[in-house]
Amino acid sequence: MESWLKASGAVGLDGLELAELPVTGRGVRTLRSFKEGEKILTIPSGVLWTAEHAYADPLLGPALRSAQPPLSVEDTLATYILFVRSRESGYDGLRGHVAALPTSYSSSIFFAEDELKVCAGTSLYTITKQLEQGIKDDYKALVTQLFVQYPDLFPLDKFTIEDVGAIYYKWALCTVWSRAMDFVLPNGNSIRLLAPFADMLNHSSEVKQCHAYDPSSGNLSILAGKDYEAGDQAFIYYGAIPNSRLLRLYGFVVPDNPNDSYDLVLSTHHSAPLFEQKHKLWASAGLDSTCTISLTLNDPLPRDVLRYLRIQRSDESGLVVMTLQQINATDENISVSNEVEILQFLVESFSSLLDSFGTQLEKLEEQLAEGIYPAGGNAWAAAHVSLGEQQVLRLARKRAQELLAAVESRCANCEKASAQSMLCGRCKSIVYCGRPCQVAHYKEHKAICRSIASKKGS
């Protein structure tokens with residue numbers, strides 16, 4: 001592969017080598033010292049795997065162009081890789097790169113069921129199950145719309161026999177997921193590419209962003225993400241990625257990952273009462289009727305969660321107030337009762353999500369400490385995903401509880417804190433500083449009070 005790359009115009013290979021390295025396995029080792037920011041490798045445009053190059057291929061291109069509907073970039077690249085892998089002659093350079101790729105991956109779609117169950121309750125578990133079915137469906141579609149149409153290009157024994165072909169397809173997809181780089185071009189379009197040799201660099205959070213694409217030349221360059229001495233492993237930086245995504249796409253986790261997160265999905269059906277008014281308010285706040293909001297270790301309860309729910313849980317009078325106040329309305333409490341309702345909902349929801357995890361956090365920590373899951377194995381990796389998401393959700397629940405306690409100490413009518421307060425006798429969910437405020441607030445609180453009381457009674 002290196003000889004082909006050099007002959008194609010790659011620069012920097014004399015200062016680097018592929019090597020088996022401690023902890024990470026195969027990676028790239030430096031043969032000389034480099035300073036941070038110094039260009040250490042350039043892979044020319046002509047040898048990159050891109051959708052454009054796939055469509056330009058004289059053999060593969062016409063077949064790809066005939067596919068209806070057109071293939072996604074992901075499927076185009078996967079098909080390109082499988083096509084080159086199946087060739088017995090020609091494509092020598094690209095076949096050399098394919099031969100250097102891992103023969104198997106440790107992404108979550110390759111986990112045995114008992115290994116995946118270790119992270120039951122996580123977003124990774126749900127997404128992996130969806131991917132498993134999605135990959136089967138996508139593979140069947142590829143067979144129908146492409147592979148069987150061109151048997152000379154896609155040999156039956158490697159593409160259309162279900163057990164063999166599906167395994168190859170999963171392997172090719174994981175190759176794209178774990179090795180492709182994405183860049184936004186000056187015109188706003190994006191490009192996804194695989195760069196031979198450059199894709200052998202492993203990830204480290206200790207280096208800075210160090211891969212760059214030159215739109216004018218089409219070349220891919222790698223810069224030194226930190227100072228290196230001869231013999232050091234060279235790294236690239238994938239980004240601030242949680243373990244759930246690292247394991248799904250790249251097949252590894254980072255213990256105690258500071259970027260762990262939980263994607264909270266908030267959704268309202270279009271048939272819900274007052275949906276149109278609420279949809280306008282969400283739009284003015286930069287939100288939508290369905291939002292996915294990342295809860296993180298540093299910000300376990302982002303303000304967008306509260307902004308969304310303040311609109312969702314508002315009655316008609318609350319929506320009028322927010323409409324008059326425009327965008328900033330959802331940054332503040334609409335009313336004490338509205339805030340109590342959404343915070344109680346969040347505490348209950350986070351508790352329910354935590355209860356859905358197959359193994360609770362303390363038990364997982366105990367199992368990891370006792371070596372129940374061999375370090376570096378699939379179950380061990382799944383356990384770390386579960387740990388991270390549970391930690392985030394516990395922090396989110398704690399924050400919601402703290403906010404709820406603060407709101408519940410304020411009078412629902414005058415919103416003043418009072419040392420002497422009285423609970424609503426029926427729902428016992430909001431407080432008043434005295435009887436006059438309770439009477440004054442009754443008309444506004446009546447419907448919510450009945451709803452909360454009925455739920456507590458059921």
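**Rings, charges and cores in a predicted model**

Visitor: Why is Tyr-250 called buried?
Guide: Its relative accessibility is 18%, and buried means under 20%, so Tyr-250 counts as buried. The model is a predicted one.

Visitor: What makes Phe-252 partly exposed?
Guide: The relative accessibility of Phe-252 is 26%.

Visitor: How many aromatic pairs does the structure hold?
Guide: There are 12 aromatic pairs. Tyr-250 and Phe-252 form a tilted one, at 6.4 Å centre to centre.

Visitor: Why is that pair of Tyr-250 and Phe-252 called tilted?
Guide: The centres must lie within 6.5 Å for rings to pair, and theirs are 6.4 Å apart. Stacked needs planes under 30 degrees apart and edge-to-face needs over 60; the planes of Tyr-250 and Phe-252 are at 45°, so the pair is tilted.

Visitor: What makes the pair of Trp-282 and Tyr-308 stacked?
Guide: Their ring centres are 4.7 Å apart and their planes are at 15°. Because stacked means planes under 30 degrees apart, the pair of Trp-282 and Tyr-308 is stacked. It links distant parts of the chain: Trp-282 is in helix H11 and Tyr-308 in helix H12, 26 residues apart.

Visitor: Are Trp-282 and Tyr-308 buried or exposed?
Guide: Trp-282 has 0% relative accessibility, and Tyr-308 likewise has a relative accessible area of 0%. The limit for buried is under 20%, so Trp-282 and Tyr-308 count as buried.

Visitor: How do you know that Arg-85 sits over the ring of Trp-171?
Guide: The charged end of Arg-85 is 4.4 Å from the ring centre of Trp-171, and the distance limit is 6 Å. Arg-313 lies over the face of Phe-345 in turn, at 4.1 Å from the ring centre.

Visitor: How do you know that Arg-307 and Asp-304 form a salt bridge?
Guide: Their side chains meet at 2.9 Å, N to O. A salt bridge needs the nitrogen within 4 Å of the oxygen, so Arg-307 and Asp-304 qualify. The two are three residues apart in helix H12, about one helical turn. Arg-307 is buried at 6%, whereas Asp-304 is partly exposed at 26%.

Visitor: What makes Glu-339 and Arg-310 a salt bridge?
Guide: The closest N and O atoms of Glu-339 and Arg-310 are 2.8 Å apart, and the limit is 4 Å. Glu-339 lies in helix H14 and Arg-310 in helix H12, so this pair ties together parts 29 residues apart in sequence. Glu-339 is buried at 3%, and Arg-310 is buried at 6%.

Visitor: Why is the contact of Glu-402 with Arg-399 called a salt bridge?
Guide: The closest N and O atoms are 3.8 Å apart. Because the limit is 4 Å, the pair of Glu-402 and Arg-399 counts. Glu-402 and Arg-399 both lie in helix H16, about one turn apart. Glu-402 is partly exposed at 40%, and Arg-399 is partly exposed at 37%.

Visitor: Which residues of the largest nonpolar core touch the most other members?
Guide: That core has 75 residues, and Leu-220 is one of those touching the most other members. The residues touched by Leu-220 include Leu-41, Phe-183 and Tyr-213. A second, separate core of 43 residues includes Tyr-308 and Val-340.

Definitions and conventions. Residues are numbered from 1 along each chain as its sequence is written. This is a predicted model: local features need pLDDT of at least 70, side-chain atom pairs count only at pLDDT 80 or more; totals for chains, interfaces and linings use all residues. Side-chain values use heavy atoms; hydrogens and water are left out. Rings of Phe, Tyr and Trp (its six-membered ring) pair if their centres lie within 6.5 Å; planes under 30 degrees apart count as stacked, over 60 as edge-to-face and the rest as tilted. Buried means under 20% relative accessible area, exposed over 50%, partly exposed in between (1.4 Å probe, protein chains only). Helices (H or I, at least four residues) and strands (E, at least two) are DSSP runs, numbered from the N terminus. A charge sits over a ring if NZ of Lys or CZ of Arg is within 6 Å of the ring centre and within 35 degrees of the ring normal. A nonpolar core is a set of buried Ala, Val, Leu, Ile, Met, Phe, Trp, Tyr and Cys residues joined through side-chain atoms within 4.5 Å. Contact means heavy atoms within 4.5 Å. Lists of a residue's contacts leave out its neighbours within four places in sequence.
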